[in-house]
Amino acid sequence: MSMLKNTSIQLNTNQQTAKIMKRFDEIDFLKGIGAILVILGHMQYTDQLKNLATFIYGFHMPLFFWISGNLYKKPALFGEYVIKKAKSILIPYCFFGLLYCFFSFIIEGREAGLKGLVGVCFKVVRDIPIEIGLWFLPVLFLVSCLFAFIDLDLTNTFIKNSVITIISITGFIIVKQFHYLPFGISSALPCIAFFATGYYFNQYIDFVKKVLVEEHRCLLFVISLLIIFGVLIMSNGKISVRMGNYGFSLLAYISSMVYSFCFLILSLLICSDSGDLRRYTNFKSTILFFIAS
């Protein structure tokens, strides 16, 4: 009897582990898509292909904040969460940022090195030498910690969502007026909306898998959304999360979140054993998993 009970417990544990690993397959695939979009978005385009950059910029960075929110788990203690995030996000940022400042000093001289140091330590979203893409790390740190603070401090769901909404709207207003504040604050405030949407969407992921993915109801729906909101993204013009350029902010937010949702659904279709697309995409999936890792 004891052996049967232990076997049952082990099976349940294995099922839970498999479920977690399956979820990370889907998220890793999504991160692979995002990484490719970042590369495409930073390519030098001819005049004929500039519209492609406008399209990609409409959702590729919000997608990463959405993914981060999707992976968020409520911590037990805020201080421990901040330390954990600092180790995983800020330490790599400081290491590579200072390394790039050193290279800039060696290659371009003292003035360039000092300018880069100010960019890394103060401006964050500007003047980082060699690789400006590092701005994402400190901004993600601020967004994650701010959301965790609100999540732990406020127990009432309505108040919590209201505070997040007010912070996001304030952030969208600030970036229009000031363009940037030090330490990436002005870039972080609007992005808490992307992060929060990813987190709240994850609460319904099992429903989405069952109703939309396993029952094969969503491919045409997703394609329709991609076309409709793709047109809206192009009409809003090129946005920049780093510089706080969103065009019509509400349209930028909705469009980027719809695209994040659609790409996750496509990832579910590809990664799910019952997905319509899995048997056609094994090779492509392997490539994207490799990029994400």
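This is a predicted model: local features need pLDDT of at least 70, side-chain atom pairs count only at pLDDT 80 or more; totals for chains, interfaces and linings use all residues.
**Exercise 1. Leucine 134**

Identify the residues that leucine 134 touches, not counting those up to four places away in sequence.

*Solution.* Begin with the location: leucine 134 is in the loop between helix 5 (110-123) and helix 6. Its relative accessibility is 9%, so leucine 134 counts as buried.

Next, list the contacts, where contact means heavy atoms within 4.5 Å. Leucine 134 touches Tyr93, Phe96, Gly97, Tyr100 and Ile128. For one of these residues, tyrosine 93, the C-alpha atom is separated by 6.5 Å from that of leucine 134, and the two residues are 41 residues apart along the chain.

**Exercise 2. Helix 6 against helix 7**

Describe how helix 6 and helix 7 are arranged relative to each other.

*Solution.* Two packed helices are described by the angle between their axes and the distance between the axes. Axes are lines fitted to C-alpha atoms, for helices over the stretch in contact, and angles run from 0 to 180 degrees between N-to-C directions.

First, the axes of helix 6 (residues 136-153) and helix 7 (residues 157-178) come within 9 Å and cross at roughly 150 degrees. Helix 6 and helix 7 are therefore roughly antiparallel; angles under 35 degrees count as roughly parallel, over 145 as roughly antiparallel, 65 to 115 as roughly perpendicular and the rest as oblique.

Second, the crossing of helix 6 and helix 7 is right-handed. A crossing is left-handed if the near helix is turned anticlockwise from the far one by less than a right angle, and right-handed if clockwise.

Third, Leu146, Phe147, Ile150 and Asp151 of helix 6 meet Lys160, Val163, Ile164 and Ile167 of helix 7. By class, this contact has six nonpolar, no polar and two charged residues. Ala, Val, Leu, Ile, Met, Phe, Trp, Tyr, Cys and Pro count as nonpolar, Asp, Glu, Lys and Arg as charged, and the others, Gly among them, as polar.

**Exercise 3. Helix 10 against helix 11**

Apply the steps of the previous exercise to helix 10 and helix 11.

*Solution.* The axes of helix 10 (residues 219-236) and helix 11 come within 9 Å and cross at roughly 150 degrees. Helix 10 and helix 11 are therefore roughly antiparallel to each other, and their crossing is left-handed.

Residues of helix 10, including Leu225, Phe229 and Ile233, meet residues of helix 11, including Ile254, Val258 and Phe261. By class, the contact of helix 10 with helix 11 has 18 nonpolar, four polar and no charged residues.

**Exercise 4. The nonpolar core**

State which members of the largest nonpolar core touch the most other members.

*Solution.* A nonpolar core is a set of buried Ala, Val, Leu, Ile, Met, Phe, Trp, Tyr and Cys residues joined through side-chain atoms within 4.5 Å. The largest one has 73 residues, of which Phe65 and Tyr246 touch the most other members. Helix 11 (residues 249-271) gives the most to this core, with 14 residues.

Leaving aside neighbours within four places in sequence, tyrosine 246 is in contact with several residues, among them Phe172, Pro190, Phe194 and Ala252.

**Exercise 5. The whole chain**

State how many helices and strands the protein has.

*Solution.* The protein has 12 helices and zero strands. Of its 293 residues, 43% count as buried.

Key:
Residues are numbered from 1 along each chain as its sequence is written. Side-chain values use heavy atoms; hydrogens and water are left out. Buried means under 20% relative accessible area, exposed over 50%, partly exposed in between (1.4 Å probe, protein chains only). Helices (H or I, at least four residues) and strands (E, at least two) are DSSP runs, numbered from the N terminus.
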